[in-house]
Amino acid sequence: ADLVPEKYIAESIFESLCGKVKGRKILLPRSDIARKDLVELLTSDGAIVEEVSIYKTITPNISIEELKDTISKVDLVTFTSSSTADNFAKLLGSEIRNLKAASIGPITTKTIKSLKMKLVCEAKEFTIEGLVEAIVGYYKK
């Protein structure tokens, strides 16, 4: 990689590129529901940005009873994006408020809190490894 941002969020990517993109063409392969922040920031800094949706985020077709049964057997639910939290909430409704949640980062945390779930930990490094570390730290307390 030519560039790895300090934090794995759009704003940190932009901070790493700020002032270096004027007139540059940038391809952003991403989810169909990705936040527009990075596109707007790069464009305002003079970049020519082409977004390409390379995957769709959908709510799965699953038996709600089966999901509720599974959830009753877990101690903690992990969320790696806001869309996973949103889709989970669509499936379970208000029952999500009884669940303990772990978040991969601040954007996902904001969504978890807005859904009234019990956030118990957030990754310091916004990666799967960081999320695992946060969960281990939570259970060591």
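How are H3 and H4 oriented relative to each other: roughly parallel or roughly perpendicular? H3 and H4 are roughly perpendicular to each other, a label given to angles of 65 to 115 degrees, whereas angles under 35 degrees count as roughly parallel, over 145 as roughly antiparallel and the rest as oblique. This is a predicted model, in which local features need pLDDT of at least 70 and side-chain atom pairs count only at pLDDT 80 or more, while totals for chains, interfaces and linings use all residues. Residues are numbered from 1 along each chain as its sequence is written, and side-chain values use heavy atoms, with hydrogens and water left out.

**Helix H3 with helix H4**

- The axes of helix H3 (residues 64-71) and helix H4 (residues 82-92) cross at roughly 110 degrees and come within 10 Å; axes are lines fitted to C-alpha atoms, for helices over the stretch in contact, and angles run from 0 to 180 degrees between N-to-C directions.
- Ile 64, Leu 67, Lys 68 and Ile 71 of H3 make the contact with Phe 88, Leu 91 and Leu 92 of H4, where contact means heavy atoms within 4.5 Å.
- The residues of this contact of H3 with H4 divide into six nonpolar, no polar and one charged; Ala, Val, Leu, Ile, Met, Phe, Trp, Tyr, Cys and Pro count as nonpolar, Asp, Glu, Lys and Arg as charged, and the others, Gly among them, as polar.

**Helix H1 with helix H2**

- Helix H1 (residues 10-17) packs against helix H2 (residues 37-44) at an angle of about 20 degrees, with the axes 9 Å apart.
- H1 and H2 are therefore roughly parallel to each other.
- On the H1 side the contact is made by Ala 10, Glu 11, Ile 13, Phe 14 and Leu 17, and on the H2 side by Asp 37, Leu 38, Leu 41 and Leu 42.
- The contact of H1 with H2 comprises seven nonpolar, no polar and two charged residues.

**Aromatic pairs**

- The count comes to two aromatic pairs, with rings of Phe, Tyr and Trp (its six-membered ring) pairing if their centres lie within 6.5 Å; planes under 30 degrees apart count as stacked, over 60 as edge-to-face and the rest as tilted.
- Phe 79 and Phe 88 form an edge-to-face pair, 5.5 Å centre to centre with 70 degrees between the planes.
- Phe 79 is buried at a relative accessible area of 2%, and Phe 88 counts as buried at 13%; buried means under 20% relative accessible area, exposed over 50% and partly exposed in between (1.4 Å probe, protein chains only).

**Ile 9**

- Ile 9 lies in the segment before H1 and counts as buried at 18% relative accessibility.
- Leaving aside neighbours within four places in sequence, Ile 9 is in contact with Ile 107 and Phe 126.

Methods:
Helices (H or I, at least four residues) and strands (E, at least two) are DSSP runs, numbered from the N terminus.
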